[in-house]
Amino acid sequence: MSKTLQLAQLFRHAIEQGQLRAGDRLPSLRRLCQDHGVSLTTAQRAYAELERQGLLQALPRSGFRVCTPAASLRPAEPATDGVLRMEHLTTALPMPWGCPFINPALINTTQMNRALSRALQDYRAALSSTPIEGFEGLRRELGLHYLSQGITLAGDELLITCGGMEALTLAMRAAVSASGSHSMVVVTPAFPAALDQLRHLGISMLPLALSEQGSLDLDALEALLQEERPAGIVLMANFQHPTGLLLPEAQKRALVALAERHRVCIIEDDTYRELYFGAQGVPPLKAYDRHGTVLHCSSFSKSLAPGYRVGWIAAGRLSNTVRGLKLCSSLGTPLPSQMALARLLASGQHGDMLTRLRASLRSRRDAMQEQIRESFPPGSRLLQPEGGYFQWVILPEGLDCAALLPMAIEQGIHYAPSTLFYPQHGPANALRLNFSFFDPLHQREGIALLGELLRQAS
């Protein structure tokens, strides 16, 4: 390959990978010659080739700029091993309903930005005391936040983590360390990142199915506890990912009591609890914990503060173990993010922010459900999410949603097929849609198009 084509390929790759985006300025011809040791003619030819491909535009007195719209870039292709992973479901397509994250357009960042700016004024003073448990101001505000919901956390069990995933990882490692067992019960369908983390830690998974009504077979669970003696039970009791279902209060109480009898930990991922659609919030499993059985993990990454990477864990009787594991892993959690979140909670403005977000998500859920009922194949069943931002759809038997995904992507749509949410051998005829990205005014035809693809395959 000539030097000209090598140079053009270098910048094309950077544009395709998103390192260079629409409107970004490229190096001047003189700088390009200096950085890459090429002649002026070679540099000119390379940029001319990029212009020919429609990736570059020369503007008078503005130099060279990328002119490819970001929306036209394709999402990452599945890995060469053919395994679909959550990171392949990005926001690059016009209708990214398979994305696991909340739509950033729904987040009012103004209050968080102000809180961060004001918090940094106290940054120097805060540096003098940064305990491994986290910023004391945030721990206090979180304790008050839970107290306002009627939930009391022990003062010494709350530890701030680098996002909710670190909290889950610490809980899993602590449960295994305390029990000596290398298996865990996992309620399915389950959060894919939690499944990946269990695999990474070498923990075998014992699936326990969640019913379409959001309940568990506690007799089957007790049999698993007696026969397998697992290290823990991993689940979301509130607005479960991916179904959005809510475990009934009676089952919450019974589940905690069952775990206490068998001296097995419950690892509770409570990330979506603030995104409820009812008249009032619901309690976590931790509210029923009297013996430190529940390792309660949460964050505001899906609601108030996406990208701030602040989570927390209230680890009950395993608090000391979790603290030791934190010390040996990330040591601490970035201070500015903690300070900003503490200031936001102290201001009381988070309540209105969450109220508006819940209303927006609820209206998008209702609009998407209406379109699905009109467009999807007969026999499709929609579970009713009572919070969060995911819609789980069970399609007629025989449909393979993973196999149909490439055809949907060709139409600018993606979804998360059900096989992602099971340790192995999960049903193929279901999918998860992220309704936070559903625009009722401009994407009605998208649901109809997806429905037509599913009808043709059924």
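A residue is called buried when its relative accessible area is under 20%, exposed when over 50%, and partly exposed in between, using a 1.4 Å probe and protein chains only. The structure is a predicted model, in which local features need pLDDT of at least 70 and side-chain atom pairs count only at pLDDT 80 or more, while totals for chains, interfaces and linings use all residues. Residues are numbered from 1 along each chain as its sequence is written, and side-chain values use heavy atoms, with hydrogens and water left out.

Helices (H or I, at least four residues) and strands (E, at least two) are DSSP runs, numbered from the N terminus. In helix α2 (residues 29-36), the residues Leu29, Leu32 and Cys33 are buried. Seen down the axis of α2, its buried residues fall within an arc of 100°, so they line one face of the helix; the arc is that of the directions from the helix axis to the C-beta atoms. The face turned away from the buried side of α2 carries the exposed residues Arg30 and Gln34. The cover over the buried residues of α2 includes α1 (3-16), α3 (40-52) and β2 (63-66). Gly37, with a positive phi near 60°, follows α2.

The next topic is the sheet. Two strands pair if DSSP finds at least two bridges between them. Seven strands form an open sheet with mixed pairing, in the order β4-β10-β9-β8-β7-β5-β6. Its edge strands are β4 and β6 (204-209), each of which pairs on one side only. Within the sheet, β5 (residues 183-188) and β7 (residues 232-235) pair in the parallel sense over three bridges; Met184 has Gly232 in β7 as its bridge partner.

Thr161 is found in strand β4 (residues 158-161). At 0% relative accessibility, Thr161 counts as buried. Its side chain makes polar contacts, meaning pairs of N or O atoms within 3.5 Å; within protein, one must be able to donate a hydrogen and the other to accept it, and residues adjacent in sequence count only if both atoms are side-chain atoms. The side chain of Thr161 reaches the backbone oxygen of Gly163 at 2.8 Å, and a polar atom of that side chain lies 3.3 Å from the backbone nitrogen of Trp312.

Finally, a search of the whole structure finds nine aromatic pairs. Rings of Phe, Tyr and Trp (its six-membered ring) pair if their centres lie within 6.5 Å; planes under 30 degrees apart count as stacked, over 60 as edge-to-face and the rest as tilted. The rings of Tyr272 and Phe390 have centres 6.0 Å apart and planes at 65°, so this pair is edge-to-face.

Terms used
Contact means heavy atoms within 4.5 Å.
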